[in-house]
Amino acid sequence: MTAPISESWTRIESWLAEHAPATYAALAPPADPADIAAAERVIGRPLLKPLVMSLSRHDGLLHQRFSLLPGFYRPMSAREIAAAWQLFTGFYDKRTADEEGEAADYDFMKLGASNVLYGHSQLIPIARDVGGGYLVLDHRPEIDRGRVHEPEAVEGIMRGSHEMWTSLPVLMETIATSLETNQSLNDYTPVVDEEQRLDWNFIPLRSDRTLHRS
């Protein structure tokens, strides 16, 4: 059974405080409930409970050059999520989506990628890397609701097959375990740099270098 996201945050905080104090100090305080409510108004729907719980623990990271998630992603604040969503949804091609219909869902579930879903309003950005790429949390009412995906400019939305992308609580729990055991997570191994920041070494075990490798 997956641990509550608050429990995983406690484990992550404890590890960071001892091993990567610079990243620990960069954890933002809890989000103002008014900022979460404002983000929901902009997006036009309630944020999923695990995301609200995570924001209520830490409203992102205070420094943009820090990362916390494998793939060098930095959790975003409620205000950043609303702003990123507005930019991301500007790329949605509704005409093509309407023409593709169920074929888009088939491609996504069977092939692991979909250009048509890129910019979908119910795929909400939650984390960002230094190059401007996002992780998105699926808010659609279908089978992938609550799953974490990676948008990519060429491939579109990438559906990761690794267990950690199953949900935000699963992602945070697997990160906590990886930190505590120093075991690799989807080819990423946690390390601490000379500035006492958490970093992730990427050492692929296979030729498949996309998010959706097993």
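This is a short walk through one protein model, from the overall fold down to a few residues.

Okay, ground rules before anything else. What we have is a predicted model, so local features need pLDDT of at least 70 and side-chain atom pairs count only at pLDDT 80 or more, while totals for chains, interfaces and linings use all residues. Residues are numbered from 1 along each chain as its sequence is written, and side-chain values use heavy atoms, with hydrogens and water left out.

So, the big picture. The protein has eight helices and eight strands; those are DSSP runs, H or I of at least four residues for helices and E of at least two for strands, numbered from the N terminus. The C-alpha trace spans about 55 × 45 × 35 Å along its principal axes. The radius of gyration is 17 Å, which agrees with the value near 17 Å for a compact globule of 214 residues. That one is taken over C-alpha atoms, and the globule rule is 2.2 Å times the number of residues to the power 0.38.

Now burial. I call a residue buried under 20% relative accessible area, exposed over 50%, and partly exposed in between, using a 1.4 Å probe and protein chains only. On that scale, 49% of the 214 residues are buried. As for contacts, meaning heavy atoms within 4.5 Å: take those between residues at least 6 apart in sequence, and 61% of them join residues at least 24 apart.

On to charges. Counting Lys and Arg as positive and Asp and Glu as negative, with His and the chain ends not counted, there are 20 positive and 31 negative side chains. If you place each charge at NZ of Lys, CZ of Arg, CG of Asp or CD of Glu, the centres of the two sets lie 2 Å apart.

Next, aromatics. Rings of Phe, Tyr and Trp (its six-membered ring) pair if their centres lie within 6.5 Å; planes under 30 degrees apart are stacked, over 60 edge-to-face, and the rest tilted. That gives five aromatic pairs. One of them is Phe-88 with Tyr-134, edge-to-face at 6.4 Å centre to centre and 80° between the planes. This pair links distant parts of the chain, with Phe-88 in helix H5 and Tyr-134 in strand E4, 46 residues apart. Both Phe-88 and Tyr-134 are buried, and together with Phe-91 and Tyr-118 they form one aromatic cluster.

Most residues other than glycine have a negative phi. Asn-182, though, has a positive phi of about 60°, and Asn-186 has one near 55°. Asn-182 is in the loop between helix H8 and strand E7, and Asn-186 is in the loop between H8 and E7 as well. So which of them is buried, and which is partly exposed? Asn-186 is buried, at 6% relative accessible area, whereas Asn-182 is partly exposed at 48%.

Leu-27 sits in the loop between helix H2 and helix H3, and it is buried, at 8% relative accessible area. Beyond its neighbours within four places in sequence, Leu-27 contacts residues including Trp-9, His-58 and Leu-62. Its C-alpha is 9.7 Å from that of Phe-66, 39 residues apart along the chain.

Finally, Ser-167 is in the loop between strand E6 and H8 and counts as buried at 16% relative accessibility. Leaving aside neighbours within four places, Ser-167 is in contact with Gly-146, Arg-147 and Val-148.
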